[in-house]
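Have the structure open beside you as you read.

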Amino acid sequence: MTDATLLEQIRARSRELGFQQLGVSDIDIAQHARHLQHWLERHYHGDMAWMEKHADLRAHPEQLHPGTLRVVSVRMDYLPDDDKDLIARVRSDGSAYIARYTLGRDYHKLLRKRLAQLADYIAQLAPQPDNGAQHHRAFVDSAPVLERAFAQQAGLGWIGKNTMLINAQAGSYFFLGEILTDLPLPLTPSQDKTHCGTCTACLDLCPTQAFVAPYQLDARRCISYLTIENKGSIPPALRAKIGNRIFGCDDCQAVCPWNKFAQKTAEADFLPRHGLDSAQLVELFLWTEEEYLAKTEGSALRRIGYEGWLRNVAVALGNAATSPAVVAALASRRGFSSGLVREHTDWALAQHAVTA
Ligand code: SF4
């Protein structure tokens with residue numbers, strides 16, 4: 001079998017497994033590694049110490065998985081519905097906004113399973129010496145891989161000014177996964193040219209002005225970081241800018257003109273559960289811990305824990321229009337055991353002119 005035929009068969013199998021696109025990159029991403037280093041030196045990664053810790057491995061997959069010659073990148077669309085007017089939703093009053101990628105089941109499990117199936121298929125198709133080496137290894141967000149860099153180099157899109165990978169036929173609402181392999185698969189053409197042109201819509205719209213420059217995100221100001229990665233207090237100066245976003249933010253994607261080409265997901269697992277795409281803040285704030293655990297089971301929303309959940313919803317309630325229901329819900333948590341929750345609840349009550 002020729003290398004080109006081998007790649008076509010792998011691509012066909014990836015489509016059967018639900019991936020929309022597959023590309024192959026070599027392992028040299030020196031330019032992206034320099035960009036990462038520059039970003040880390042400016043401490044734009046905030047408390048994400050793991051970004052710093054694994055910086056070398058991110059740029060050198062052959063150190064992560066010895067013998068690696070190629071990185072196979074795949075993408076899978078996740079947008080749960082055809083409604084792309086997400087900006088309107090983030091501004092609607094009284095409801096919560098949760099980033100679209102996390103309304104359904106945690107994507108890691110599904111992607112990891114499908115990637116493992118694809119890796120098995122590659123192993124069957126191109127058997128290699130049984131020398132004790134693992135010839136193919138799959139990754140989904142779970143290891144230090146600079147996935148957007150490899151995906152760009154594999155031709156899956158370009159890295160936009162909003163730092164997301166953008167595909168001219170599919171926008172940016174998709175997950176990426178990688179298989180590191182020691183098979184010398186043929187490379188697919190890299191996407192070297194960006195198509196952002198003179199557009200600055202994402203930079204202009206960002207509610208917290210988290211982009212210090214095109215292609216440069218200061219995570220410490222990013223709502224995704226503040227509501228998910230950040231475990232402590234949300235800086236008071238940024239709270240009002242968070243609006244009704246309680247887990248992540250899609251603004252820099254929602255405003256991107258290329259997302260008019262985004263496709264609705266084919267995966268039932270990514271569809272919203274428990275009405276989380278239109279839930280009311282008051283209702284979410286009054287969830288008991290048991291309800292929180294039950295309704296976020298199998299979801300990435302579990303990452304922040306009940307305390308983080310209440311912290312985030314308290315901030316969003318502080319930004320909501322004043323109403324007896326909002327004030328009563330906030331007041332009901334005044335004596336909550338967590339100081340973090342009390343601090344954000346008191347701040348929220350103060351936004352409604354209620355003080356202790
Ligand atoms: S909104 Fe404009 S500048 Fe930002 S990523 Fe999309 S095309 Fe590029």
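Let us begin with Gly23, which touches Val71, Val72, Ser73, Ala154, Leu156 and Thr188, leaving aside residues up to four places away in sequence; contact here means heavy atoms within 4.5 Å. This is a predicted model, in which local features need pLDDT of at least 70 and side-chain atom pairs count only at pLDDT 80 or more, while totals for chains, interfaces and linings use all residues. Residues are numbered from 1 along each chain as its sequence is written, and side-chain values use heavy atoms, with hydrogens and water left out.

Is Gly23 buried or exposed? Its relative accessibility is 0%, so Gly23 counts as buried (under 20% relative accessible area, with a 1.4 Å probe and protein chains only). Gly23 belongs to strand β1 and stands opposite Ser73 in β2. In sequence Gly23 and Ser73 are 50 residues apart, yet their C-alpha atoms lie 5.4 Å apart in space.

Five bridges join β1 to β2, and the two run antiparallel. These strands are part of an open, antiparallel sheet of four, in the order β1-β2-β7-β4; strands pair if DSSP finds at least two bridges between them. The edge strands, each pairing on one side only, are β1 and β4. From one strand to the next, the twist averages 20°. Helix α7 packs on this sheet, touching β1, β2, β4 and β7, and its direction makes about 35° with that of β7. Axes are lines fitted to C-alpha atoms, for helices over the stretch in contact, and angles run from 0 to 180 degrees between N-to-C directions.

| β1 | 21-25 |
| β2 | 70-77 |
| β7 | 174-181 |
| β4 | 136-139 |

Now for the whole chain, which has 17 helices and 10 strands; these are DSSP runs, with helices (H or I) of at least four residues and strands (E) of at least two, numbered from the N terminus. The radius of gyration is 22 Å, close to the 21 Å that the globule rule gives for 356 residues, so the chain is as compact as a globular protein of that length. That radius is taken over C-alpha atoms, and the rule is 2.2 Å times the number of residues to the power 0.38. Of the 356 residues, 53% count as buried. Among contacts between residues at least 6 apart in sequence, 76% join residues at least 24 apart.

Definitions and conventions:
Buried < 20%, exposed > 50% of the residue type's maximum accessible area, 1.4 Å probe, protein only.
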